[in-house]
Amino acid sequence: MTKLTATRRQFFGLAAGGAAATALAAPGDARAQTATKARIVIIGAGAGGTALANRLVARLDGAEITLIDPRVDHLYQPGLSLVAAGLKPADYVVSKTTDWLPDGVTLIAEAAAEIDPEAKTVTTSGGQNVAYDFLVVAPGLVLDHDAIEGFSLDMVGQNGIGALYAGPEYAAKTWQAAQAFSETGGMGLFTRPETEMKCAGAPLKHTFLIEDITRSAGMRSKAEFHYAAPQGALFGVPIVAEKVRMLFAERGIGTSMQHRLTGIDAGARRATFAGPDGTTEMDYDYIHIIPPQRAPEVIRQSGLSWADKWTDQGWVECDKTSLRHLRYDTIWALGDVAGVPKGKTAASVKWQVPVVEDGLIAAIEGREPTETYNGYTSCPMITRVGRAMLIEFDYNNDLTPSFPGLIAPLEELWISWLMKEVALKATYNAMLRGRA
Amino acid sequence: MEEMTFGTIVAVFEEIFGRGLFWIMVALAAIVTLGYVYVLIRDHSISWRKFLLAQLSMPIGAIAAVWFVLGMTSSSLGDLGGPVDVVVFLGIAAAGAVGIAILVYTIQSLVRPKQ
Ligand SMILES: Cc1cc2nc3c(=O)[nH]c(=O)nc-3n(C[C@H](O)[C@H](O)[C@H](O)COP(=O)(O)OP(=O)(O)OC[C@H]3O[C@@H](n4cnc5c(N)ncnc54)[C@H](O)[C@@H]3O)c2cc1C
């Protein structure tokens with residue numbers, strides 16, 4: 001046997017060499033910066049606006065980048081489903097907007113109140129007039145709780161009412177109501193709105209989670225579960241809808257399709273629906289409410305919305321592959337506000353950001369953009385505590401698994417749950433920093 | 001995921017543990033590995049007596065790793081749903097076992113050099 005021989009010095013030399021090699025492999029954007037004096041304004045410093053700002057700062061030299069957003073807190077919204085199932089505390093989703101913003105950008109902590117796409121100015125709620133050369137609108141969407149008659153947010157958490165979309169404290173209150181239901185049983189009613197919505201899987205996740213938790217609490221035989229939705233199918237992607245239909249049957253969850261929640265009587269614990277045969281009423285012991293969702297007022301008032309599509313919702317009229325506005329070529333839509341057929345998720349934002357970044361920089365450099373968005377959306381569909389399906393798809397309703405052959409999209413897996421639990425927030429945060 | 005580059009993976013791990021903790025852990029793992037290589041080179045051979053104790057510690061490392069991951073992710077053994085889950089599960093156990101074996105061997109060799 002040959003013996004390994006090395007002097008101490010040789011050994012430490014080797015170690016130092018290894019360290020140097022590691023340092024050289026450190027990540028970084030190798031592309032040269034583009035010099036420009038362009039004034040870029042981004043409305044909304046949520047998932048999309050923040051990620052874009054971080055990437056633009058790295059790519060542009062001399063640009064004047066301004067973000068407009070009144071919200072002090074940044075919300076990691078995918079975590080709300082976990083908060084509303086008692087799996088995470090409310091502060092799991094909360095950080096500060098300024099925590100994520102790079103040096104060299106200006107944040108105006110006010111709302112955008114008016115956009116004039118002809119004069120290329122944005123007026124803020126405090127009356128500031130901000131001129132731009134390029135504008136990115138990323139203000140997310142608004143939840144129209146008033147559209148549900150008899151319901152208001154102060155009811156959440158009592159009398160069996162949940163509404164986890166409304167924010168971290170409401171998600172925590174939703175868990176109070178849902179937990180009480182899981183311990184006493186009765187009729188659980190789970191709803192979703194007729195409009196487009198962010199994370200179309202979330203109403204299903206909540207249903208699955210509360211059903212699982214009720215089962216674990218030993219109360220499943222005393223509880224009924226019912227899912228009521230205005231759509232004709234349980235999910236927008238047919239193959240996924242079929243899978244969910246089978247899972248619902250397996251888990252004993254009933255459905256009323258083509259039923260839109262119009263109001264509740266909180267005292268009587270009765271919900272009213274508009275259905276194919278007119279108005280129907282259903283009694284409940286627990287109800288989960290997700291209200292209709294629309295583009296923020298400022299978008300609809302500024303003439304940026306589609307005139308002939310989603311007229312009650314007002315999403316931004318833009319090309320579905322470039323996200324550039326169809327009438328104003330200095331404006332891009334990013335994130336939930338974009339009027340595209342799919343993609344109101346943070347996962348879509350991750351794919352949209354490089355497209356808007358490229359479109360903007362191409363416009364500055366006077367070349368044609370090369371990046372396109374194919375409608376990629378991902379939804380880690382939690383089916384019980386400990387298991388999920390990692391569902392990813394595009395505009396064509398094609399499944400687009402990230403790990404084909406390894407992680408089956410339509411199988412309930414522990415690894416998919418691990419991804420949601422461990423990797424999703426980390427990936428989201430890395431995206432905010434412009435690094436994923 | 002769009003681009004699974006080395007930089008993305010590092011960024012994601014930095015977010016999971018926090019930047020400081022992640023790099024401290026990487027440094028610790030590197031130090032232990034270097035220590036292991038160092039004692040191998042210094043002693044010119046593997047000490048089978050030390051290796052025995054290292055081997056005996058392996059199940060502890062495996063169980064600790066699995067227990068840690070299950071605890072951190074609110075899941076249980078019953079959640080394993082498909083072949084890939086079993087592979088990941090065994091991978092976690094194996095990593096724990098090998099990690100602790102190297103650690104135990106290195107500590108023994110550094111504390112009680114060649115007898
Ligand atoms: C319950 C729930 C579960 C979800 N689960 C997932 C999931 O599992 N996976 C996933 O990928 N996605 C999920 N999402 C969706 C994801 O959180 C959103 O799609 C994503 O945050 C959209 O990013 P955005 O930048 O468009 O909007 P947001 O992140 O909402 O940011 C919009 C920002 O604009 C600001 N703003 C609003 N109006 C104005 C104005 N007039 N002027 C200036 N600023 C304004 C707001 O203050 C906010 O900071 C979930 C969402 C919810 C609610």
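Okay, some housekeeping. The model is predicted, so local features need pLDDT of at least 70 and side-chain atom pairs count only at pLDDT 80 or more, while totals for chains, interfaces and linings use all residues. Residues are numbered from 1 along each chain as its sequence is written, chains are lettered from A and ligands numbered from 1 in the order in which they are written, and side-chain values use heavy atoms, with hydrogens and water left out.

Let's start with the domains.

Now the ligand. It has 32 residues around it, and the closest are A:Gly48, A:Asp69, A:Ala112, A:Asp336 and A:Ala347; to be in that shell, a residue needs a heavy atom within 4 Å. Domain 2 and domain 3 of chain A each give the shell at least three residues. As for helices (DSSP runs of H or I, at least four residues), α8(A) gives the most to the shell, with 3 residues.

What about polar contacts, meaning pairs of N or O atoms within 3.5 Å? A polar side-chain atom of A:Lys205 sits 2.9 Å from a ligand oxygen, and a backbone N or O atom of A:Ala347 is 2.8 Å from a ligand oxygen. On its own the ligand has 1,000 Å² of accessible area, and the protein covers 94% of that (Shrake-Rupley method, 1.4 Å probe).

Still, 8 residues of domain 1 are in contact with 14 of domain 2, where contact means heavy atoms within 4.5 Å. Together they bury about 910 Å², 61% of it on carbon and sulfur atoms; that's accessible area, with a 1.4 Å probe, lost on putting the two parts together and summed over both. Which residues of domain 1 supply 69% of the area it buries against domain 2? Those are A:Thr377, A:Tyr395 and A:Tyr428, more than any other three residues.

Key. A polar contact is a pair of N or O atoms within 3.5 Å; within protein, one must be able to donate a hydrogen and the other to accept it, and residues adjacent in sequence count only if both atoms are side-chain atoms. Helices (H or I, at least four residues) and strands (E, at least two) are DSSP runs, numbered from the N terminus. Domain bounds come from an automatic or database domain assignment.
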